[in-house]
Amino acid sequence: MNWRQALEDYKTYLKIERGMTSHTIDNYVHDVNALVSFIENSNIEATPLNIEKKSIEEFLYQEGKKKAATTQARRLSGLKSFFNYLIFESYRENNPADLFESPKLGRKLPEVLTVDEIEKLITQIDLRHPQGHRNRAIIETLYGSGLRVSELVGLTLSNVFFKEN
């Protein structure tokens, strides 16, 4: 089995068996293609069936020198998924990417508005508009509670505890 055939079969698997979107499938295939390009440029004789851990290690090392940690993590995830597919289809017995750890990703803190910005936002709400009071309540609830928008949308009356303020 060559890389091209393996990737075509993998794309079909991702679409039919896993129900992934075409965008997600393209990203997974792109990650495996990056490995294939590395193999070809490095004159490594490897197929999807016989590639060894050392070749993947060299690839990940080179990637680590020029790609962001998030890209490295996504690439490794894509490779693990590809080789797991090959195991699932009984083409391989092991996943040569399994033992590699994903790089640690820093957590980004959300940007927050200043008190002045919140006050300006609240004063801009037209209370004569039919949804004016609702919009003001939404902004004040978000600001006063620190909720995310997704959390606010999921709020129900049973989530409000009046006795506890």
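In the predicted model, R148 and E151 are joined by a salt bridge, with their closest N and O atoms 3.2 Å apart. R148 is exposed, because its relative accessible area of 56% is over 50%. E151 is partly exposed, with a relative accessible area of 34%.

This pair belongs to a wider set. Eight salt bridges are found in a search of the whole structure. Among the residues involved, D31, E63, R74 and R75 are linked in a network. D126 and R128 form another salt bridge through their side chains, at an N to O distance of 3.2 Å. The relative accessible area of R128 is 77%, so this residue is exposed. D126, at 36%, is partly exposed.

A further salt bridge connects K11 with E8, where the closest N and O atoms are 3.9 Å apart. This distance qualifies because the cut-off is 4 Å. Both K11 and E8 sit in helix α1 (residues 3–16). They are three residues apart, about one turn of the helix. An α-helix has 3.6 residues a turn, so residues three or four places apart point the same way. Relative accessibility is 30% for K11, which counts as partly exposed. E8 also counts as partly exposed, at 39%.

N95 presents a buried setting, with a relative accessible area of 8%. The side chain of N95 makes a polar contact with the side chain of N84, at 2.9 Å. A polar atom of the N95 side chain also lies 3.1 Å from the backbone oxygen of K80.

The geometry of helix α6 was also examined. Helix α6 covers residues 132–145 and has 14 residues. At 1.5 Å a residue, the helix should span 20 Å. The expected span is 1.5 Å times one less than the number of residues. The end C-alpha atoms of α6 are 20 Å apart, which agrees with that expectation. G146 follows α6 and has a positive phi, near 80°.

Notes: Residues are numbered from 1 along each chain as its sequence is written. This is a predicted model: local features need pLDDT of at least 70, side-chain atom pairs count only at pLDDT 80 or more; totals for chains, interfaces and linings use all residues. Side-chain values use heavy atoms; hydrogens and water are left out. Buried means under 20% relative accessible area, exposed over 50%, partly exposed in between (1.4 Å probe, protein chains only). A polar contact is a pair of N or O atoms within 3.5 Å; within protein, one must be able to donate a hydrogen and the other to accept it, and residues adjacent in sequence count only if both atoms are side-chain atoms. Helices (H or I, at least four residues) and strands (E, at least two) are DSSP runs, numbered from the N terminus.
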